[in-house]
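Subject: Structure for you to look at

Hello,

I am passing on the structure we talked about.

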Amino acid sequence: MTKQNVIVSDKKSGLNMSITMAMSKSSILTMTAQKPGGYISFSTTELLKNLEINGEGRINAWVESMRASSPTHIKSTPSLADHDRRSSWTVSHPSALDMFEQIIDASKGKQIVMFLDYDGTLSPIVDDPDKAFMSDAMRQTVRKLAGCFPTAIVSGRCRDKVYSFVRLAELYYAGSHGMDIKGPAKGSKYKKGSRAVLFQPASEFLPMIDEVYKHLVEKTKSTPGAKVENNKFCVSVHFRRVEEKKWNELFQQVKSVLKEYPELRLTQGRKVLEIRPTIKWDKGKALEFLLESLGFANCSDVFPVYIGDDRTDEDAFKILREKGQGFGILVSKFPKETCASYSLQEPDEVRDFLQRLVQWKRPSVLGGQSKV
Ligand SMILES: [Mg+2]
């Protein structure tokens with residue numbers, strides 16, 4: 001077990017209290033696939049082993065991984081084998097829309113709590129990460145959802161940035177992969193007690209992250225299309241607009257900067273390289289922390305639903321599998337190795353699913369439509 005500092009602020013008194021929270025060993029580098037027969041040719045454990053940045057000869061594994069995380073690059077002409085894989089994957093990870101009634105049945109008598117990734121889940125993946133806007137229709141749906149269930153956004157982006165996209169004060173926000181958690185600005189009708197939640201387990205890394213950000217901007221400016229984003233407690237190097245033949249060069253640049261910072265580690269998301277403190281914290285830990293903050297620690301009557309599209313979301317999917325509570329939904333058009341139970345193909349389907357949840361919970365909210 002390790003210990004982390006937790007800052008809890010009391011809205012009424014304006015006081016910040018620092019408490020220490022014991023946490024179990026991180027799962028981030030020991031993720032194993034629940035479903036054998038994944039369709040990427042390497043196992044997750046093997047892949048992550050290969051992704052250690054300090055070993056020589058591992059660069060190709062990284063670049064391969066960057067390709068694997070950008071399947072649109074390699075799946076432009078689906079083969080018969082691709083089709084078979086997709087059919088098989090759809091059986092093992094059925095659409096959450098098709099399974100809606102079974103999902104609702106499983107949640108009976110339990111409090112549903114919603115966790116939503118942002119990029120690629122609520123908003124489409126676009127070339128310019130600064131323009132990853134969510135639609136007004138999606139915002140309306142998420143607003144209604146938060147009126148029905150406690151709802152949190154869990155993103156790799158910094159909290160302020162993701163808030164500027166979502167703009168809903170009634171939600172919980174976990175930015176920087178859960179390293180910056182804040183409760184609803186309006187207060188929460190779900191939370192027991194009046195203390196507002198503010199949790200920043202990596203505060204001591206702020207100056208270092210700032211420094212690395214500047215170095216990375218300088219180092220990668222010779223790679224056309226590379227975009228470095230300061231996410232407060234982590235740094236993202238987006239390669240959405242970098243030509244594939246330049247990925248190796250970009251990775252080398254990032255690696256050369258990180259050599260000077262053994263306290264930071266490199267992970268990879270969808271079309272993004274991410275630099276984070278080595279603390280044992282991830283989206284799965286953020287999910288657990290939020291459930292605890294909401295008063296659901298060690299409760300059997302809670303039903304968390306986590307929807308995300310990224311490798312970093314797997315930490316949360318895995319926690320739900322281990323707890324045997326609720327389930328994960330992977331947003332993907334392509335078969336992927338995942339600990340999620342169900343799938344949705346794209347943000348439009350996410351919206352349909354969220355709308356059905358709202359409609360089921362409060363038929364009157366969506367114009368008096370009947371329950372499913
Ligand atoms: Mg995402």
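Predicted model: local features only at pLDDT ≥ 70, side-chain atom pairs only at ≥ 80, totals over all residues.

The protein chain has eleven helices and 14 strands. It is made up of 372 residues, and 43% of them count as buried.

On confidence, the mean pLDDT of the protein chain is 81, and 76% of the residues score at least 70. Strand β12 (residues 302–308) has the highest confidence, at 98, while strand β2 (residues 16–23) has the lowest, at a mean of 34. Over residues 1–55 the pLDDT stays under 50, and the model has 81 contacts beyond four places in sequence for this stretch. The pLDDT is also below 50 over residues 367–372, where the model has eleven contacts beyond near neighbours in sequence.

The helix I looked at is α6, which covers residues 159–166. Which of its residues are buried? They are R159, K161, V162 and V166. Seen down the axis of α6, these buried residues fall within an arc of 165°, so they line one face of the helix. As background, an α-helix has 3.6 residues a turn, so residues three or four places apart point the same way. The cover over the buried residues of α6 includes strands β4 (151–154), β5 (172–175) and β6 (180–182). Just after α6 comes R167, with a positive phi of about 55°.

Regards

Note on methods. Residues numbered from 1 in each chain as written. Helix = DSSP H or I, 4+ residues; strand = E, 2+ residues; numbered from the N terminus. Buried ≥ 20, exposed ≤ 12 C-beta atoms within 10 Å, placed from the backbone. pLDDT = per-residue confidence, 0-100. Contact = placed C-beta atoms within 7 Å. Arc of directions from axis to C-beta.
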